[in-house]
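Hi,

Please load it first, then read my notes on one helix pair below.

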Amino acid sequence: YIQLMRMNILGQHGFRFQSRVRRADGSMDKTLNDRVETQWMLWWDQPHVDGRTTGIDTLRTTIAQWCQDGEVLWELVVNPIYRDRVAINPLEPDYLDETLNTVNPATGQQIRMSVEYDPRGRIVAYHLLTSHPGDMTWYRPETNTRYRRVPAENIIHVRDAERAGQTRGMQPVFGDATIEQNHRMPDLANGICRIEEGRRRPVAPPHGPAEAALKRGDLLRHG
């Protein structure tokens, strides 16, 4: 399934960027367009923060993530060490803690499943975990700073919203699941129920672990 999605969406050579800048008279500015496309290809050759992964390999990983998680999360990292001062940091959706449902005391704004909204419902920031829940460092006592706040303009978060106000994506359910996957369907159902509960859960004032994390300053302000 994932391989078919990669071939049907991305193909063998990936997407091709084409600049379409026009002159004042409406004709194509070929010289400028060629320069823009050349500079794009130079950046796209290594757009990843690791300085090695190509653009097309980044997209292949992204498509696989979409198929498995139902959402894609990219952080745009601005730093002079990268070509054109910007790079892509693909993140697993696990870095968004679905249990973080509270109010940011610094801004007074709601946080739903690690996504911060202003009073109009516009996304203003993402509160990313500083370490992956599966990492060995997750349970170490020295891991005091649990979250980092990243402005929404530095995040690309793609999900297939099925309902108005939906915060997170949902895993696709495959009709041709294997026997092993069928045995895991109860776990998948429980996960879906948790996401649905998070959608409907009213935002309460900070309390418990979230309150302690906020008081310790674990929500860092970036940018």
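The protein has six helices and nine strands. Bear in mind that this is a predicted model. Of its 223 residues, 37% count as buried. Among contacts with a separation of 6 or more, 57% join residues 24 or more positions apart.

I looked at helix H1 (residues 2–9) and helix H3 (residues 55–69). Two packed helices are described by the angle between their axes and the distance between the axes. Here the angle is about 130°, and the axes are 9 Å apart. H1 and H3 are therefore oblique to each other. Their crossing is right-handed.

Which residues of H1 and H3 meet? From H1 come Ile2, Met5, Arg6 and Ile9. From H3 come Arg60, Thr61, Ile63, Ala64, Cys67 and Gln68. The contact of H1 with H3 divides into six nonpolar, two polar and two charged residues.

Next, H3 itself. Its length checks out: at 1.5 Å a residue, its 15 residues should span 21 Å, and its end C-alpha atoms are 21 Å apart, which agrees. The buried residues of H3 are Gly55, Ile56, Thr58, Leu59, Thr62, Ile63, Ala64, Gln65 and Cys67.

What do the buried residues of H3 pack against? Their partners are H1, helix H2 (30–44), strand S1 (71–78) and strand S2 (86–91). Just after H3, glycine 70 takes a positive phi of about 80°.

Best wishes

How values were computed. Residues numbered from 1 in each chain as written. Predicted model: local features only at pLDDT ≥ 70, side-chain atom pairs only at ≥ 80, totals over all residues. Heavy atoms only, no water. Axes fitted to C-alpha atoms, helices over the stretch in contact; angles between N-to-C directions. Helix = DSSP H or I, 4+ residues; strand = E, 2+ residues; numbered from the N terminus. Parallel < 35°, antiparallel > 145°, perpendicular 65-115°, else oblique. Left-handed = near helix turned anticlockwise from the far one by under 90°. Contact = heavy atoms within 4.5 Å. Nonpolar A, V, L, I, M, F, W, Y, C, P; charged D, E, K, R; others polar. Expected span 1.5 Å × (residues − 1). Buried < 20%, exposed > 50% of the residue type's maximum accessible area, 1.4 Å probe, protein only.
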